[in-house]
Amino acid sequence: MDFLAEGFRRALALLFSADAEVTGIALLTLKIGLLATLVACGLGIPVGFMLATKSFWGRRAALTVVNTALAFPTVVVGLLLYGLLSRRGPLGGLEWLYTWQAIVVGDVLLAFPIAAALAAAAVQGVDPRIRRTAQTLGAGRWRTAWTVAREARFALAAVITTAFGHVVAEIGSAMTVGGNIRGQTRTLTTAVALYTSQGDFGLALALGLILLLLALLVNVALQVLQGRGGVGHA
Amino acid sequence: MLELVGVVHRYESRIVLDIERFQVPPGSGVAIVGPNGSGKSTLLRLLALLERPTQGEVRLDGAVVTGTSGARRRVTLVEQRPVLFRGTVRENLRFGLEVRGTKGTDMNRVIDNVAGRLGITSLLDRRRHELSDGEVQRVAVARALVVEPDVLLLDEPTSSADRAAAQTLYRALAEERARRPLAICLASHQLEDAYRWADDVRALAEGKLAPVTPENLFRVELPPGTGDAGLKHVCVGSIEVAATTDKTGPAILAVSPTDIFVSREPLASSARNVFSGRVTRLSHRRPGVVHVAADVGVELVAVITEDAVRDLGLVPGGPVVFSFKASAVRVF
């Protein structure tokens with residue numbers, strides 16, 4: 001018990017003293033997480049819309065692929081990306097291996113199927129009459145999609161928070177392609193793993209608490225944004 | 001002119017609509033009448049360009065509609081159970097106008113005008129969860145009218161409305177048609193409503209336009225084989241109708257109201273179908289003409305003159321006999 005209590009005390013002290021290393025790791029994680037979520041959702045949500053609303057050859061197969069990719073092991077994604085980005089790989093020229101950009105790419109690959117599959121489910125959950133009504137009132141493709149998105153906004157917000165949560169919590173890909181380099185590619189999850197293995201439980205716990213705080217902040221921010229659009233009103 | 005030409009529409013492999021030609025001329029009032037599942041809603045969705053027919057064409061002013069966005073701005077559908085978007089009723093009414101780039105002041109003038117005519121002014125600031133089903137239906141019609149379509153398609157527009165609300169709606173539609181050349185195509189299973197306001201009433205059964213008026217349409221199962229002298233006796237409700245047909249299996253059986261002889265006593269005649277019953281309703285739909293509905297085991301409707309009603313002394317609840325020839329029974 002003393003060990004745990006001491007760990008919490010040290011974690012709080014690090015948090016309130018704004019330790020430079022802890023702050024740096026947290027900011028890098030936030031940067032990677034937001035960028036990866038933005039790209040993954042920016043690509044995945046439109047794909048989800050398409051999968052939910054368009055009928056085309058191979059649609060079912062595409063849905064199956066996207067749903068299967070939800071359970072893709074993060075370390076395998078990291079491994080494949082490692083192969084692509086390593087010096088002998090097809091993308092070796094980019095020299096992104098062991099950079100934060102590589103972690104972003106890995107996170108996008110992991111979060112994209114989440115965004116696509118959950119967005120498809122969110123759009124499929126909207127009453128089909130909404131889409132038909134927008135169309136019959138003369139709305140074009142984009143206005144119709146926007147109208148459907150407004151109806152599904154709680155579910156779509158959940159898509160974004162789930163994608164963000166997945167991105168900031170994953171460790172396999174970040175460790176493999178990022179390398180956990182201090183001051184460069186060390187994220188909250190890779191740092192927690194490292195400091196725990198080194199026996200610095202207090203620092204690991206402090207970073208873990210920040211991770212939770214980040215997830216909470218993003219959720220609250222999304223809820224505030226929804227509120228401006230009239231949350232709670234049908 | 002909005003029209004369907006040579007349309008066959010399938011869901012999976014099942015044919016739900018098979019129509020040679022269906023036209024909604026400019027400024028006309030067309031009613032489609034038929035039982036549930038007859039294809040009315042599908043027909044309206046095809047006309048509204050919300051679905052493409054599996055086979056055949058939708059034409060607008062003679063031109064085959066290929067793209068949809070431009071044509072959709074001229075044809076608007078109000079579904080049987082319409083939905084409102086998030087936001088207030090006013091925001092809902094703004095939707096179609098915003099899409100068309102109407103300016104703010106013009107928008108409010110149009111909205112207030114239509115809302116006044118449909119009696120929904122007091123609802124403008126309410127949200128969808130604060131409205132009854134009937135109110136939602138009226139708001140949906142108003143939302144369709146504000147964009148001033150050339151063709152307004154209505155699917156059972158008064159199914160959730162009380163009598164007064166239905167009257168308000170039909171009055172507003174009549175005013176709109178008097179004001180500008182608006183064509184209205186309405187699907188209903190209520191013949192009374194259809195006859196009251198439509199210039200043209202068409203019956204739809206099993207996805208096909210029936211070649212007779214919509215009364216006395218029955219879904220039946222024709223027995224196999226041929227009976228005496230080509231006659232088949234077909235169960236319709238609790239009566240057996242004699243018909244001349246060589247068809248078997250599921251079919252629609254129709255008797256035109258003008259082919260039914262009405263009397264107080266059974267007539268000695270060649271008619272193979274003679275049914276006694278009681279008058280349930282006398283409807284004066286056109287001057288000098290009365291639709292006599294009677295319960296003879298099923299409800300049948302006959303059309304006779306006012307003089308004939310007077311001479312026969314027909315009154316609701318009074319006795320009546322309906323007779324018609326087996327050859328007057330249409331089977332399709």
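This is a predicted model: local features need pLDDT of at least 70, side-chain atom pairs count only at pLDDT 80 or more; totals for chains, interfaces and linings use all residues.
Local features need pLDDT of at least 70 and side-chain atom pairs count only at pLDDT 80 or more, while totals for chains, interfaces and linings use all residues. Residues are numbered from 1 along each chain as its sequence is written, and chains are lettered from A and ligands numbered from 1 in the order in which they are written.

**View 1. Helix H1 of chain A, residues 2–16.** Helices here are DSSP runs of H or I with at least four residues, strands are runs of E with at least two, and both are numbered from the N terminus. H1(A) has 15 residues and spans 21 Å from first C-alpha to last, close to the 21 Å expected at 1.5 Å a residue (that expectation is 1.5 Å times one less than the number of residues). After H1(A) comes Ala18(A), with a positive phi near 50°.

**View 2. Helices H3 (residues 89–99) and H5 (residues 133–145) of chain B crossing.** Their axes come within 8 Å and cross at roughly 30°; axes are lines fitted to C-alpha atoms over the stretch in contact, with angles from 0 to 180 degrees between N-to-C directions. H3(B) and H5(B) are therefore roughly parallel, the label for angles under 35 degrees. On the H3(B) side, the contact uses Val89(B), Asn92(B), Leu93(B), Phe95(B) and Gly96(B), and H5(B) brings Val139(B), Ala142(B) and Arg143(B). Contact here means C-beta atoms, placed from the backbone, within 7 Å. Sorted by class, that's 5 nonpolar, 2 polar and 1 charged residues (nonpolar: Ala, Val, Leu, Ile, Met, Phe, Trp, Tyr, Cys and Pro; charged: Asp, Glu, Lys and Arg; polar: the others, Gly among them).

**View 3. An open sheet of 3 strands in chain B, ordered S11-S14-S20.** The pairing is antiparallel, where two strands pair if DSSP finds at least two bridges between them. Strands S11 (217–222) and S20 (329–331) of chain B sit at the edges, each pairing on one side only. From one strand to the next, the twist averages 35°. Between S11(B) and S14(B) (residues 249–255) there are 6 bridges, and Leu222(B) stands opposite Gly249(B) in S14(B).

**View 4. Where chain B meets chain A.** Here 21 residues of chain B are in contact with 17 residues of chain A. On the chain B side, helix H2 (69–72), strand S6 (75–78) and H3 each supply at least two residues. H3(B) gives the largest share, 3 residues. By class, this side of chain B has 9 nonpolar, 4 polar and 8 charged residues.

Note on methods:
Angles under 35 degrees count as roughly parallel, over 145 as roughly antiparallel, 65 to 115 as roughly perpendicular and the rest as oblique. Two residues are in contact if their C-beta atoms, placed from the backbone, lie within 7 Å.
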